[in-house]
Protein chains: 4
Amino acid sequence: MVIVMNPKATQADIERVVARIEKAGLKTHLSTGEECTIVGVIGDKKKIAGLEMNVMPGVDKTLRITEKYKLVSRNFQAEDTIIDVDGVKIGGKHFAVMAGPCAVESIEQLNEAARAVKKAGAQFLRGGAFKPRTSPYDFQGLHEEGLKLLRDAADREGLKVVTEVVDHDDIELIEKYADILQVGARNMHNFELLKALGHAHKPVMLKRGLSATITEWLNAAEYIMSGGNTNVIFCERGIRTYETYTRNTLDLSAVAIIKELSHLPIVVDPSHGTGKRSLVAPMSKAAVAAGADGLIIEVHPHPEVALSDGDQSLTPEDFETLMGDIKGLTKFVGKVL
Amino acid sequence: MVIVMNPKATQADIERVVARIEKAGLKTHLSTGEECTIVGVIGDKKKIAGLEMNVMPGVDKTLRITEKYKLVSRNFQAEDTIIDVDGVKIGGKHFAVMAGPCAVESIEQLNEAARAVKKAGAQFLRGGAFKPRTSPYDFQGLHEEGLKLLRDAADREGLKVVTEVVDHDDIELIEKYADILQVGARNMHNFELLKALGHAHKPVMLKRGLSATITEWLNAAEYIMSGGNTNVIFCERGIRTYETYTRNTLDLSAVAIIKELSHLPIVVDPSHGTGKRSLVAPMSKAAVAAGADGLIIEVHPHPEVALSDGDQSLTPEDFETLMGDIKGLTKFVGKVL
Amino acid sequence: MVIVMNPKATQADIERVVARIEKAGLKTHLSTGEECTIVGVIGDKKKIAGLEMNVMPGVDKTLRITEKYKLVSRNFQAEDTIIDVDGVKIGGKHFAVMAGPCAVESIEQLNEAARAVKKAGAQFLRGGAFKPRTSPYDFQGLHEEGLKLLRDAADREGLKVVTEVVDHDDIELIEKYADILQVGARNMHNFELLKALGHAHKPVMLKRGLSATITEWLNAAEYIMSGGNTNVIFCERGIRTYETYTRNTLDLSAVAIIKELSHLPIVVDPSHGTGKRSLVAPMSKAAVAAGADGLIIEVHPHPEVALSDGDQSLTPEDFETLMGDIKGLTKFVGKVL
Amino acid sequence: MVIVMNPKATQADIERVVARIEKAGLKTHLSTGEECTIVGVIGDKKKIAGLEMNVMPGVDKTLRITEKYKLVSRNFQAEDTIIDVDGVKIGGKHFAVMAGPCAVESIEQLNEAARAVKKAGAQFLRGGAFKPRTSPYDFQGLHEEGLKLLRDAADREGLKVVTEVVDHDDIELIEKYADILQVGARNMHNFELLKALGHAHKPVMLKRGLSATITEWLNAAEYIMSGGNTNVIFCERGIRTYETYTRNTLDLSAVAIIKELSHLPIVVDPSHGTGKRSLVAPMSKAAVAAGADGLIIEVHPHPEVALSDGDQSLTPEDFETLMGDIKGLTKFVGKVL
């Protein structure tokens, strides 16, 4: 931490600041400039985190130098984490595609969707059985019945299952049916859920919060990893900005940033990231070019009757066309799909 | 709902749209303009909510006309809800002040804080026993021990207790000690928590999410009310914007908007809303002038050693000065404090 | 400036950084922590501003310590600037109200508006003769004809005139008719206009840009002051955020912040700041309570036929009622209106 | 336009609304729903634009159906505009790369940069001679001297010149030296500049404003086209969001959206869009995959001594490597570079 003293700080102010830091068992370095004095704090990161120096007389501001996350950091582990989902790999050179409807609605819908996404080349079937919805009057999902449909449809086609968990009480149940547990954007800051997932036995796909910074997102993953579950996959799904033409603003720079700062894989959700079917294909390709490790795409056999997110769902035909392009592009950039 | 057809939509496109709406048991009205045709949908709001018309051929966009929340709406109940917390009222003419430390740290800290906020004229003691923190390595609260300290300190001074609940499993425990259950900004979209609070026996103070729209916030309150708990208090605590000078951007227009759209009371948190001690007083006064029903303010006997949020905590002396101004101002605007 | 070296920076990296700084005629202070080394840079602010250290090997990030603006700063001038507009004062204890239509439309409209705002107690007539509009097909203003109408209507009622300048070529013309020159939000970063206004002979009211930070806004004022025109008034008019319920998010904390950082006065525009008539009165009162030095409010004799911004314009009756409240409140907070 | 009446609107309210619309020479269609009545307005778009219906009694809200821009629209011209800059084409299948330093600093810097970008395969030399800077004390550019250096360096290498114009008074001068006139993000809403560029003789590259919506951006281009200059190129350069890790949030979905809504070409600026050198390459590739028509990239022979934007400038070596990838990728997606 660096403490910038006010130009009007007195010598006594500076001495009090130094005394307080040293009392906490830390060391200081003073830089006396023409305009102000700067106090560098040296020592144990945890002790430094506890200091609230901004409130002391004469302090203008404090600047944090190092981040608090550790296990998720590329500094902690240099090589890419490759997550092995029962034979299907994500990370490093391995590119994965997850596809399916927003919500599990019926056996017919799901079987049709599973067949279509398998045929086009996806490895995972996605679909929500527990749906977090803005209004209490909207469809909330089929719950365990939905999980069973997901598992059955996936097994029939040789797909893996990724589905959302919205409450820690459901983890055990969902682990019986799913291969990857998804944390939705609205729950990225649900720390009780994150802590519980730290003890889960399946990989976790952690969506970025609606307005989460990169640092908050990395710390959310640190909650899971520090609990013992090292299989975390980031998912960029767009952030909330002033622009309303798209449902969210897909931040593809996050792909490259996560790759720099962390060893964990990152997939992109262009469906929620844009909210518009016509933008899913170009953003999927852009995600591959930006270095993503996978895609999660909404595909619905009949988008016009979908109970949610019909606007952004691809038809099976659209998806098959897109997968043709994605296969070419992943190969071009040296990934294995 | 209003459906705007594309200028290039064919007559067949329009007929398919109309047929689909009528098949759902709804009626249509067509307006044929010079540039495009508009289809108005008439009938049961719930049936309309299920339509996904955007995906049909020829449809340019759909516009929602009515909101989904009902119980929280001023249309549903015209007169202000006044919440009676064991004799202390919030709403209508009744102004309430909640104050205390960010986190419960020790018996000394809490007793000193309780004494100070009571002396200055607050009715509620605030303090977190369960803390949602960005990093897993930050102080997470004293849990039940903290709740006991809160209750004891409040009882000794004749104050009520408001404290945060971060997990539905804790509701029963916290209800034993607290008078108002607070939902933090990071949990405004934790729908499982909201549903559980719909069955709680104590009033709920619902903070606005980091980037929640007014409509999402009202819907979150609808989750609680539709579960049966009608005692909901909104709390504006700043939203996330591009501006980094303040911790958040305090949106005081939300006070006036909530007053228009809902009958529920709204309090303002200028401490989190600005993140800077020097801004707490002016924003508190502005909140009163904007029509708020209360304030929740961080006060710490020794901000410079606070385990969290020291930067934005008032000292007891600052708080007492502010309360003098607030008392005058609430009286001036016709409120009872 | 403080330079944070990467944990993996070598001794040679550090030495190169130090050498480069010292070559620029500046001094350094090293703090060697457990995780990384920090290099403090000491010396002439202008020399430091020119350093681009981020690009050197081993540098993790650089942190700016001091801001570039000077003349606008409260550190440069401790006492409040009071601007005297031909006898009407703004700043310090002096509160000013500016009111009138968004655009000058006709002699009848303007005379009716001028009469109404004068009667209610405003000191300035506002109205746009040069209108910056999003679409080239929208009404662009009456230009010099509009300026004449403004001056005539204001003179008849004993009001001062504030009006927008959108181009430096118009400054001389507008100065003939107006008492305060307004820079609109869309031109806050039009540096050529700001430079030209540095040589103008009338006070400048500088609206905050749509997404301008406090620092950028202060620097924009510095452009004007550094040209020699020291009569600058800030105007908070709302910033662009994700919230669409209001036209903008009125940031009243900016009032208190500007008061801390600068000696210049600040007025608030609740009309553009909210875009909704019903929110103008509560936000006007909140602005007074937050410490504003004035208000600028849209008043139109017949909002329902206004050529622009009818939604947010008050009727003369609404405005008169509001002014009653504002007079009471300014007196209560110790200001002179 | 669609007018939604309040559920409590009276029959008289509705009749007044209808009467006012019909008096303006427009037609109405009424849809009477269970909750509210909707009034569709039919007729001349310009007449409708002038209606301010929101302020009439009983009106809840009005919804705009059609946009105001026309000439820039894909509805107006279905085929891609291909801009021919003296033999170098942009748009359709033609991909263009513009590269060079942020600011023109010296003859040596520019010649070295020009040589490097030509060698790597760029067609345009970029460089600012007129620099819009946040602080009046920052380097403002070499002006005409800088333009001459640009032209000379470009001619020597067989490159075209793109450079920024910050004031309409400079257009004539800059046209003498440049092949494309750039409007910077801070001037996207400088309507006087846009109008003047409508009469310019060179193509205009219009950067997206810091917080401009897609619609505002299209309207800004409409200002130029409606003046007679049909050679407009959009440039996505990142938008301002809450995320501070990057300088801006590069919105690549804008590429696909502009391609849908407009026939004009769009290039991407990953340098300003991210502000970090390490993100320029992945975002450049993502832009190509998203369908961009070109790239504008900051390249500086010695970023560590750049007078501005050194952090985000590539070295000639980095740029050459990136161009290798870009050449492969453009070919892969069927573009000609």
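**Ground rules**

I note that this is a predicted model, in which local features need pLDDT of at least 70 and side-chain atom pairs count only at pLDDT 80 or more, while totals for chains, interfaces and linings use all residues. Residues are numbered from 1 along each chain as its sequence is written, chains are lettered from A and ligands numbered from 1 in the order in which they are written, and side-chain values use heavy atoms, with hydrogens and water left out.

**Chains B and A**

I took contact as heavy atoms within 4.5 Å. On that basis chain B gives 48 residues and chain A gives 48 residues. The two chains bury about 4000 Å² between them, with 48% of it on carbon and sulfur atoms. Buried area here is the accessible area (1.4 Å probe) that two parts lose on being put together, summed over both. I then asked which three residues supply more than any other three of the area that chain B buries against chain A. They are B:Glu52, B:Val55 and B:Tyr137, with 15%.

Next I looked at the charged pairs. A salt bridge needs a side-chain nitrogen of Lys or Arg within 4 Å of a carboxyl oxygen of Asp or Glu. Four of them cross the interface of chain B and chain A. One is A:Arg240 with B:Glu216, where the closest N and O atoms are 2.7 Å apart. For polar contacts I used a pair of N or O atoms within 3.5 Å; within protein, one must be able to donate a hydrogen and the other to accept it, and residues adjacent in sequence count only if both atoms are side-chain atoms. Between chain B and chain A I recorded 19 residue pairs in polar contact, both residues at pLDDT 80 or more.

On the side of chain B that touches chain A, the elements giving two or more residues are helix H2 (45-50), helix H6 (191-197) and helix H7 (214-226). Helices (H or I, at least four residues) and strands (E, at least two) are DSSP runs, numbered from the N terminus. H7(B) has the largest share, five residues.

**Symmetry**

I laid chain B on chain A and got an RMSD of 0.0 Å, with a turn of 180° and a shift of 0.0 Å along the axis. That is the relation of a two-fold axis. In chain B, the C-alpha nearest the axis belongs to B:Ser211, at 3.2 Å. The superposition is by least squares on the C-alpha atoms of residues with pLDDT of at least 70 in both copies. Of the interface residues of chain B, 100% are also interface residues in chain A, so the copies meet through the same surface.

**Chains D and B**

Here 27 residues of chain D are in contact with 27 residues of chain B. The buried area is about 2100 Å², and carbon and sulfur atoms give 63% of it. I found zero salt bridges between chain D and chain B and two residue pairs in polar contact. Strands S1 (2-5), S2 (27-32), S3 (37-42) and S4 (59-63) of chain D each supply at least two residues to this side. S2(D) gives the most, with four residues.
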